[in-house]
Amino acid sequence: MPNPNRGACGFQSSEFEQEYERPSKSELKRQMNELQKLGEELVAEARDRVKRVPMPEDVRDAILACQLITNHEGRRRQMQFVGKKMRTLDEEEVAVIQRTIDSWKGMSKADTAALHALERRRDKLLADDKALTVLLEENPELDVQHLRTLIRNARKEQAENKPPKAYREIFQILKDIDKKRKAAAKPAGHDEDGDQDEHGELIDDESGDA
């Protein structure tokens, strides 16, 4: 007997429900991109920190191996492998990793704004030579030759898409300058809670990087 609920196309409502239960291609791509980005965040972290994140050993090994690769093409391939490994995680494993990363980023809005200001100043140093003159006028104790070398190397890193070693070192110099300025302005006896890197996480005295 014909089903009165069947439409002209001939599909039953249950068939539509099964169709919509499957993620669309765009949704799958979005999930893959999010997992790839999560893997990239872990690769950018200190090795000791990564070793403490709850995750399967094979995923952690892929991330730690990627951190040691300096060759651009080799690092790119390993990063793709990290993304592949991240896609083997179940929802709970991904959630634990995400919560761990979120806990590292527990900054106040003021801290975040200050870090963004330092990042903008770093970018200006790379884009405008006059910015270095201003920085040296404000901080004459800085090593001008070292800074010029870092800026030149950071520009080269960006042009050749290499790991941002000099780029990060410039940020740390700016961070140290800002820390000294804040310390000089603070009343005596008020200690810093701890230093942070450009992503806002606390920096240990020994990061454990290889």
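1. Buried means under 20% relative accessible area, exposed means over 50%, and partly exposed lies in between, with a 1.4 Å probe and protein chains only. By this scale Arg 155, at 32% relative accessibility, is partly exposed. Of the 210 residues of the protein, 30% count as buried.

2. This is a predicted model, in which local features need pLDDT of at least 70 and side-chain atom pairs count only at pLDDT 80 or more, whereas totals for chains, interfaces and linings use all residues. Residues are numbered from 1 along each chain as its sequence is written, and side-chain values use heavy atoms, with hydrogens and water left out.

3. Confidence is expressed as pLDDT, the predictor's confidence in each residue, from 0 to 100. The protein has a mean pLDDT of 79, with 75% of its residues at 70 or more. The lowest confidence falls in helix α1 (residues 13-21), with a mean of 47, and the highest in α8, with 94. The pLDDT is below 50 over residues 4-20, a stretch that has six contacts in the model beyond near neighbours in sequence. It is also below 50 over residues 199-210, where the corresponding number of contacts is 31. Contact here means heavy atoms within 4.5 Å.

4. The secondary structure consists of 10 helices and zero strands. Helices (H or I, at least four residues) and strands (E, at least two) are DSSP runs, numbered from the N terminus. Among contacts with a separation of 6 or more, 57% are between residues 24 or more positions apart.

5. The accessible surface of the protein is about 14400 Å², and 50% of this belongs to carbon and sulfur atoms. These areas come from the Shrake-Rupley method with a 1.4 Å probe; for residues, only the protein chains shown count as cover.

6. A search of the whole structure gives 11 salt bridges, each defined as a side-chain nitrogen of Lys or Arg within 4 Å of a carboxyl oxygen of Asp or Glu. Side chains of opposite charge can pair when their charged atoms come close. One of the salt bridges joins Arg 99 and Glu 92, at 3.4 Å from N to O. Both partners are partly exposed: Arg 99 at 48% relative accessibility and Glu 92 at 47%.

7. Glu 138 pairs with Arg 121, with the closest N and O atoms 2.7 Å apart. This pair links distant parts of the chain, since Glu 138 lies in helix α8 (residues 129-138) and Arg 121 in helix α7 (residues 109-127), 17 residues apart. Glu 138 is partly exposed at 47% relative accessibility, as is Arg 121 at 29%.

8. Asp 129 forms a salt bridge with Arg 155, the closest N and O atoms lying 2.9 Å apart. Asp 129 is in helix α8 and Arg 155 in helix α9 (residues 144-160), so the pair ties together parts that are 26 residues apart in sequence. Asp 129 counts as exposed, at 54% relative accessibility.

9. Salt bridges also link Glu 73, Arg 76 and Arg 77 in a network.

10. Lys 85 is located in helix α5 (residues 72-86). The charged end of Arg 122 sits over the ring of Tyr 167, 3.6 Å from its centre; the criterion is NZ of Lys or CZ of Arg within 6 Å of the ring centre and within 35 degrees of the ring normal.
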